[in-house]
Amino acid sequence: MAKILVNSADSHVLERLDLWEQALPSRLAQRAPRVERKDGKETVYVDGQVLRRDPIAFQEAMRPPGAENVQIRLQDLDDQGIQSEAVFPSRGLWIAHMHDQELAAASAAAYNDWCASEINAVSPRLIGSAVLSVVDTDDAVRELHRAMGMGFRAIFMPCEPPKGRPYNSEVWEPLWSAMSEAGAVPCFHIGTGGELILARGPGGAVINYVETAFPGQRVVAHLVASGVLDRHPSLKIAIAEGGVAWVPALGDRMDEAYRQHGMFVRPTLSALPSEIIYRQVYTSFQHDRSALPTVTALGYDKVMWGSDYPHLEGTFPNTQKVLHELFDNADPVVTERVTIGAFNELFGLGA
Ligand code: MZD
Ligand code: MN
């Protein structure tokens, strides 16, 4: 079968483990993301916290050679039919869990230097996302400008912000303004910033998987209802790997709240919440059968496909099989929009 060529709004790079050891003074490096393997488990330590304790088999299953070898990654992209891809961190995601201001700022800068030289510089097909401190807004704005100066456009943001810094809070405003002015694209990747194992025992794995999508929806509710996207109409955001069919339903619910609970609503917005969402919020999915009907039946078209390479939740190495199942009977206009157009629009490519 002919290859369906796509851009992917979601993939991950596996950073060299000694990235922070090499870049940071030892007093900080020892609190940067660190991994220990014992008794069949891989434990992740960050800033003195145990963040993950995974079966090694689980971690190995998402580490094909292309995860950390960028030349093999590019070969995998060719083989899978992927032209360009947004690249998110793996271990760098843990920076969102740091509490120490200096450690967070230094770890983010170290990741961005590494990503600029080891990912972005290798090929224009790889759109690495920069990491910012979420501990301090001034640090985040400083690193945003430095990263944009290194050519970044995509900015990784955790779906769950630190306690006490909810995304509807004014503390974030200087960052949203700076992103809007700089043409940065904040990409909120699901499963980041918060606790991931919320349920145990029967059904736990499926419950936890479902749970990771809700904070992505909360990001949209916070940034739209608090007026952030209304104040910055050119700021586009992405919610990566959280699926897409929830967007119209969230828009309905927010519109209903905005109308029916009008007496409590502040700030008032220059458009309905759903209109702002449909204008500025992009989302990505891997397999969802509900994705294309969301475009055709409900008119939400900021929909991007994502491989989530090399994660198990993604499509590698069966991307073409998945793409044919998704698109063989789809309207070619919708197919072009979801496989290429929305991605190019978000990241300002191919214009
Ligand atoms: C990026 C997040 C995604 C998730 C979390 C898992 C399944 C479980 O034994 P028990 O009865 O006590 O039950 C425990 C249970 C088996 C229920 C529990 O361990 O649910 N295990 C795997 O951790 N699921 C929800 S899914 O968080 C979104 C998808 C899977 C990969 C994921 C964990 C990745 C992501 C994302 O932030 C990360 C990262 C670098 O790669 C993996 C791990 C780490 C976190
Ligand atoms: Mn992903």
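A word on terms. Two strands pair if DSSP finds at least two bridges between them. Strands (E, at least two residues) and helices (H or I, at least four) are DSSP runs, numbered from the N terminus.

This is a predicted model: local features need pLDDT of at least 70, side-chain atom pairs count only at pLDDT 80 or more, and totals for chains, interfaces and linings use all residues. Residues are numbered from 1 along each chain as its sequence is written, chains are lettered from A and ligands numbered from 1 in the order in which they are written, and side-chain values use heavy atoms, with hydrogens and water left out.

Touching here is contact, meaning heavy atoms within 4.5 Å. Axes are lines fitted to C-alpha atoms, for helices over the stretch in contact, and angles run from 0 to 180 degrees between N-to-C directions.

On to the aromatics. Rings of Phe, Tyr and Trp (its six-membered ring) pair if their centres lie within 6.5 Å; planes under 30 degrees apart count as stacked, over 60 as edge-to-face, the rest as tilted. By this rule there are 9 aromatic pairs. Take Y167 and F188: centres 5.3 Å apart, planes at 80°, so edge-to-face. Y167 sits in the loop between β7 and α7 (173-182), F188 in strand β8, 21 residues apart.

Buried or exposed, Y167? Buried, at 2% relative accessibility. F188 is buried too, at 0%. The cut-offs: buried is under 20% relative accessible area, exposed over 50%, partly exposed in between (1.4 Å probe, protein chains only).

F188 also pairs with W176, and that pair is tilted: 6.4 Å centre to centre, 45° between the planes. W176 lies in helix α7 and F188 in β8, so this pair ties together parts 12 residues apart in sequence.

Finally, the cluster. Y167, W172, W176 and F188 form one aromatic cluster.
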